[in-house]
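I record what I looked up, in the order in which I looked it up.

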Amino acid sequence: LFGHKWKLTDLRTARPVGKQIPDRKKQLFQYMPPERALAEMNNAESQMRIVFSYDMWQLGCIMYELFVLAPLISKNEADPLARLVAFSRHDIKVDDVQAQHLLQDKLLVKEPIGRVNIAGVLVSFLLGSETLFCRF
């Protein structure tokens with residue numbers, strides 16, 4: 001973990017909510033939400049707009065990496081878009097029960113409408129803070 005170079009965000013591709021999504025060549029598949037992958041597969045990415053649920057998915061991907069020490073979607077996957085579209089909550093395997101619940105039921109939810117907002121994440125952090133982050 002500490003021997004690797006971490007880059008949590010790339011502001012060159014940041015856009016305000018409601019704006020068109022940047023070209024996929026600039027977006028990492030490892031942090032792409034399933035709805036974006038589906039749009040890519042259907043050549044409809046130009047119709048996608050950035051919404052807050054993207055951030056929650058990406059936060060879930062980062063937290064997953066911190067707990068598992070491996071990305072949810074490997075950059076070496078043969079077809080990362082198909083893997084994202086077929087994503088299931090059962091793909092999430094984390095040893096920590098509270099982290100598993102936060103990731104499965106709040107952040108890495110396939111349907112964007114089911115993802116918690118930032119207030120829900122903060123409440124989860126506060127309620128589970130005594131054990132959820134003892135590893136870090």
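**Entry 1: overall content.** I began with the secondary structure of this predicted model. I found 5 helices and 0 strands in the protein chain, and read from the N terminus the order is α-α-α-α-α. I then looked up burial and found that 38% of the 136 residues count as buried. For the accessible surface I noted about 8600 Å², with 59% of it belonging to carbon and sulfur atoms. Among contacts with a separation of 6 or more, I recorded that 65% join residues 24 or more positions apart.

**Entry 2: confidence.** I looked up the mean pLDDT of the protein chain, which is 76, with 71% of the residues at 70 or more. Among the elements, I noted the highest mean pLDDT, 87, for helix 2 (residues 52–68), and the lowest, 66, for helix 5 (residues 118–132). Over residues 129–136 I found pLDDT below 50, although this stretch has 16 contacts in the model beyond near neighbours in sequence.

**Entry 3: helix 1.** I asked how many of the 8 residues of helix 1 are buried. I counted 6 of the 8, so helix 1 is largely enclosed by the rest of the structure. The buried residues of helix 1 are Pro 34, Glu 35, Arg 36, Ala 37, Ala 39 and Glu 40. I noted that they pack against helix 2 and helix 3 (80–85).

I then turned to Met 41, which lies in helix 1 (residues 34–41). Met 41 counts as partly exposed, at 40% relative accessibility. Setting aside neighbours within four places in sequence, I found Met 41 in contact with Leu 81, Ala 82 and Val 85. Between Met 41 and Ala 82 I recorded a C-alpha separation of 8.0 Å, the two being 41 residues apart along the chain. Just after helix 1, I noted a positive phi of about 55° at Asn 43.

**Entry 4: helix 2 and helix 4.** How are the axes of helix 2 and helix 4 (residues 97–107) placed? I found that they come within 10 Å and cross at roughly 160°. The angle is over 145 degrees, and helix 2 and helix 4 are therefore roughly antiparallel to each other. I recorded the crossing of helix 2 past helix 4 as left-handed. On the helix 2 side I listed Met 56, Trp 57, Leu 59, Gly 60, Met 63, Tyr 64 and Phe 67, which meet Ala 99, Leu 102, Leu 103 and Leu 107 in helix 4.

**Entry 5: two glutamines.** Is Gln 100 buried or exposed? Gln 100 lies in helix 4, and I found it buried, with a relative accessible area of 17%, where the limit for that label is under 20%. Not counting residues up to four places away in sequence, Gln 100 touches Ile 92, Lys 93, Val 94 and Asp 105.

Gln 104 is also found in helix 4. I noted Gln 104 as buried, at 13% relative accessibility. Its contacts, leaving aside neighbours within four places in sequence, are Arg 89, His 90, Ile 92 and Val 109.

Technical notes. Residues numbered from 1 in each chain as written. Predicted model: local features only at pLDDT ≥ 70, side-chain atom pairs only at ≥ 80, totals over all residues. Heavy atoms only, no water. Helix = DSSP H or I, 4+ residues; strand = E, 2+ residues; numbered from the N terminus. Buried < 20%, exposed > 50% of the residue type's maximum accessible area, 1.4 Å probe, protein only. Contact = heavy atoms within 4.5 Å. Areas by Shrake-Rupley, 256 points an atom, 1.4 Å probe, with all protein chains shown as cover. pLDDT = per-residue confidence, 0-100. Axes fitted to C-alpha atoms, helices over the stretch in contact; angles between N-to-C directions. Parallel < 35°, antiparallel > 145°, perpendicular 65-115°, else oblique. Left-handed = near helix turned anticlockwise from the far one by under 90°.
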